Amino acid sequence: MNWKERLARWGIKRSPWVYHVNTGACNNCDIEILDVLCPRFDAERFGIKLVGTPRHADVLLVSGPVTRHTEQPLRDAYEATPKPCAVVAFGACGCSSGIFKDGLNVNGTVDRVIREEDPEAIITYVPGCPPRPEAIISAAVKTLEAL
Amino acid sequence: MATDWYMYLLYFLIFPGFIFSLLVGLLAVWIDRKVTARIQWRVGPPLLQPVYDLVKLIGKEVLLPVGAQPLVFLFAPLVGLAGAVLAAFLLGSVNFLQSSFVGDLIVLVYLLFLPSLAIIIGGSASGNPISAIGSSREMKLILAYELPLALAVITVIINAGFTLNLNNIVAGPGAASVSGFLALLVTLICVQAKLAVVPFDIPEAETEIMEGPLVEYSGLPLAIFKTMEALLLYILPLYVITLFLGGLGEGWWMLLGVLKYVLLLVIIILIKNTNPRLRIDQAVNFFWTKVTALALIAAGLAALGEIYGVSWL
Ligand code: SF4
């Protein structure tokens with residue numbers, strides 16, 4: 001690990017910028033993510049910020065079972081994210097395709113797609129349908145510890 | 001008066017140039033985020049948050065998009081940063097060292113244009129349709145607000161007795177006349193647009209075009225752009241104070257100057273947090289009719305006051 005990467009990892013723990021990728025989620029998880037930014041939980045206390053483009057992101061928050069149409073965009077988003085970065089597989093769908101597992105247009109889980117892109121990727125799993133905001137914050141802490 | 005070259009270098013790099021203005025700018029960014037959070041009943045980020053953001057961005061990988069023009073793409077942030085640092089140095093030396101030269105007001109107005117120009121160039125060079133949209137919006141916004149901003153500067157020049165020297169302008173009447181006050185209002189609105197914050201954050205509109213011209217930037221270039229924005233948050237309120245509110249002052253009056261600065265900053269943040277975003281056509285319309293009319297009235301009143309010797313006009 002060179003000095004630049006060490007700097008980045010030190011910084012990411014204090015200011016993780018999150019880009020939210022929806023790969024076919026039912027929208028419930030997405031609403032729950034926004035809850036974390038609301039006054040009650042206020043993720044900005046830890047420097048967590050939602051950004052509009054993967055180029056600025058440190059953490060890719062992927063919700064949804066990865067449908068056929070969203071597999072390639074997910075790969076592109078991971079490619080477009082400057083390394084080092086982390087991936088969070090969000091919700092029962094993100095972890096294992098959930099109730100959509102046998103759907104005819106569901107291609108497979110987040111971790112399979114990301115691992116095909118980069119076998120070394122850091123992936124954390126947040127189960128729940130949808131996960132509670134407390135679970136999201138604890139997942140954030142664990143993700144950053146893994147870096 | 002023989003200042004050695006290394007003193008100039010110190011002035012430029014440390015105080016009142018780059019390092020000092022960067023620290024104040026980062027503090028201003030923190031005040032911005034904290035006040036925003038308090039308005040929304042949140043706690044907000046810790047004091048060092050802007051520093052963490054910058055350090056992290058410096059450490060991250062720099063990605064070059066496929067369709068980009070690499071040289072222009074990477075040098076545009078430097079152009080913007082250079083403009084912002086020079087403007088900060090100019091304003092700082094007027095306010096802290098009381099040194100200025102004839103015509104520095106004009107230089108300042110041009111330097112303040114460089115950051116926007118850098119954003120346009122960078123956005124256009126990144127070969128992304130979204131940043132192209134952002135760049136074109138930024139261009140239209142500049143066309144909209146530069147005219148009233150220049151008219152306000154002319155009003156100030158007339159009121160201060162036709163001087164182009166910032167030291168004389170600081171000593172001049174500033175906003176203490178009808179025309180000066182109108183020009184202050186116009187400048188405050190234009191500053192909002194120059195900072196590209198709500199209601200005029202049309203070029204960066206996160207929710208529709210994902211930060212516009214900056215969409216393809218990552219790592220160090222993005223960090224430079226963020227530094228530039230932090231510097232702007234220091235420069236533009238200081239610009240208003242220098243032109244209209246009698247400068248930062250000397251000695252103990254400096255405390256009052258700091259109060260003026262924080263007050264202006266909080267006003268900008270409050271406007272930002274209590275307004276929706278305008279569309280680009282609405283913004284251009286607003287600037288070219290209402291704001292320009294106001295600025296014209298201010299300049300006219302100032303000229304009348306100068307001709308007939310009425311000091312309160
Ligand atoms: S985990 Fe549950 S809430 Fe989340 S996208 Fe899947 S079905 Fe919807």
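**Figure 1. Helices α2 (28–36) and α4 (91–96) of chain A each supply at least two residues of the shell around the ligand.** The model is predicted; local features need pLDDT of at least 70, side-chain atom pairs count only at pLDDT 80 or more, and totals for chains, interfaces and linings use all residues. Residues are numbered from 1 along each chain as its sequence is written, chains are lettered from A and ligands numbered from 1 in the order in which they are written, and side-chain values use heavy atoms, with hydrogens and water left out. Helices (H or I, at least four residues) and strands (E, at least two) are DSSP runs, numbered from the N terminus. The residues that surround the ligand (one heavy atom within 4 Å of it) include Ala25(A), Cys26(A), Asn28(A), Cys29(A), Phe100(A), Gly128(A), Cys129(A) and Pro130(A). Gly91(A), Ala92(A) and Cys93(A) also belong to this shell. Helix α4(A) gives the largest share, 3 residues.

**Figure 2. Residue classes in the ligand shell.** The shell has 8 nonpolar, 3 polar and no charged residues. Ala, Val, Leu, Ile, Met, Phe, Trp, Tyr, Cys and Pro count as nonpolar, Asp, Glu, Lys and Arg as charged, and the others, Gly among them, as polar.

**Figure 3. The largest cavity, with a volume of about 240 Å³.** The structure holds 2 cavities of 30 Å³ or more. A cavity is a set of points, on a 1 Å grid over the protein atoms alone, where a 1.4 Å probe fits but cannot get out; lining residues have an atom within 4 Å of a point. Grid points are joined across faces, edges and corners, and a volume is the space filled by probe spheres set on the points. Of the 19 residues lining the largest cavity, Val18(A), Ile48(A), Leu61(A), Ile136(A) and Ala140(A) are the closest to its centre. Two or more lining residues come from each of α2, β3 (59–63), β4 (86–90) and α6 (133–146) of chain A, and α6(A) gives the largest share, 6 residues. By class, 18 are nonpolar, 1 is polar and none is charged.

**Figure 4. The second largest cavity, with a volume of about 40 Å³.** Its lining consists of Val156(B), Asn159(B), Ala160(B), Ile169(B), Gly172(B), Pro173(B), Gly174(B) and Leu243(B). Of these, 5 are nonpolar, 3 polar and none charged.

**Figure 5. Lys56(B) in helix α3 (residues 49–59) of chain B.** Lys56(B) counts as buried because its relative accessibility is 0% (buried means under 20% relative accessible area, 1.4 Å probe, protein chains only). Not counting residues up to four places away in sequence, Lys56(B) touches Ala8(A), Gly11(A), Ile12(A), Ser15(A), Trp17(A) and Asp58(A) (contact means heavy atoms within 4.5 Å).

Definitions and conventions
1 Å grid on protein atoms, 1.4 Å probe; cavity = no way out; pocket = protein on both sides within 12 Å on 5 of 7 lines; lining within 4 Å. Buried < 20%, exposed > 50% of the residue type's maximum accessible area, 1.4 Å probe, protein only.
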